[in-house]
Amino acid sequence: MTTKHKIEFECNCCDGEFEDYVIMSTNEFGSSDLDCRPAEMMRSTMACWVHECPHCGYIDDGEDEDDRWLRSFIGSEEYKECEGIVFGNDIAGKFYRYALIQLKKNRFEEACSNFLRAAWGCDDSGESGNAVKCRIKFLEVFDKLQDVDDNLSLTRVDVLRRVGEFNAVLEEYKKCKFGDDLMNQILEFQKEKCVQKNTDCFTVGEVIDGKP
């Protein structure tokens with residue numbers, strides 16, 4: 001069961017006050033997707049993961065930071081129009097804009113995570129073209145990272161496959177071995193799907209025992 005509560009926020013960018021919902025409790029039943037998207041019910045709480053100021057359009061995750069220096073960027077067409085991508089749902093647009101804010105702060109790993117979350121929003125609304133664009137942004141920003149842990153590297157494999165970069169997975173990860181048996185099992189599963197040219201979404205459960 002998911003419970004949420006409306007609380008008051010003060011915008012880190014314009015100092016405006018507004019109310020929004022936060023998650024008080026939730027749960028997961030089932031396996032996460034191979035790109036780490038959680039199972040239900042947490043899966044359906046994305047609208048509460050970030051908060052948009054209705055006064056200026058700034059978006060954050062509830063952290064207390066002084067981001068008034070971003071006011072010019074928040075007012076730019078690049079930000080407001082999501083670099084020209086027209087999203088069919090509000091959640092995808094919010095995460096995309098939040099990722100752009102993280103890019104401005106040179107927080108590349110956080111930007112990757114939120115471009116991927118924007119893709120999840122597109123997946124939910126059937127916007128396959130926009131989902132690909134968001135995943136490509138993930139890949140572009142990933143290349144800026146200096147240190148990459150195994151979990152993020154394995155997430156990249158799924159992102160590459162989902163956008164049809166099958167040869168990239170098969171070549172770049174040909175001799176890759178992780179220090180965890182399950183991660184290696186997931187990698188081999190991903191390679192098999194690349195050989196099949198399959199861009200579908202799969203869960204960890206499907207890797208382990210063939211069940212979502």
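**Salt bridges across the chain**

Modeller: Glu-52 counts as partly exposed because its relative accessible area is 24%; the classes are buried for under 20%, exposed for over 50% and partly exposed in between, with a 1.4 Å probe and protein chains only. The model is predicted, so local features need pLDDT of at least 70 and side-chain atom pairs count only at pLDDT 80 or more, while totals for chains, interfaces and linings use all residues. Residues are numbered from 1 along each chain as its sequence is written, and side-chain values use heavy atoms, with hydrogens and water left out.

The partner of Glu-52 in a salt bridge is Arg-97, and their closest N and O atoms are 3.1 Å apart; the term stands for a side-chain nitrogen of Lys or Arg within 4 Å of a carboxyl oxygen of Asp or Glu. By that rule there are 18 salt bridges. Helices (H or I, at least four residues) and strands (E, at least two) are DSSP runs, numbered from the N terminus. Arg-97 is classed as buried because its relative accessible area is 10%.

A second pair is Glu-65 with Arg-107, whose closest N and O atoms are 2.6 Å apart. These two also link distant parts of the chain, 42 residues apart: Glu-65 is in the loop between strand E4 (59–60) and helix H1 (71–74), and Arg-107 in the loop between H3 and helix H4 (108–124). With a relative accessible area of 25%, Glu-65 is partly exposed. Arg-107 is partly exposed at 29%.

Then there is Asp-123 with Arg-135, where the closest N and O atoms are 2.8 Å apart. Asp-123 belongs to helix H4 and Arg-135 to helix H5 (residues 128–142), so the pair links distant parts of the chain, twelve residues apart. Arg-135 is buried, with a relative accessible area of 3%, whereas Asp-123 is partly exposed at 30%.

Beyond these pairs, Asp-15, Asp-66, Arg-68 and Arg-71 are linked in a network of salt bridges. Asp-15 sits in the turn of the hairpin formed by E1 and E2, which has six residues between its strands, and has a positive phi of about 70 degrees.

Notes
Two strands pair if DSSP finds at least two bridges between them.
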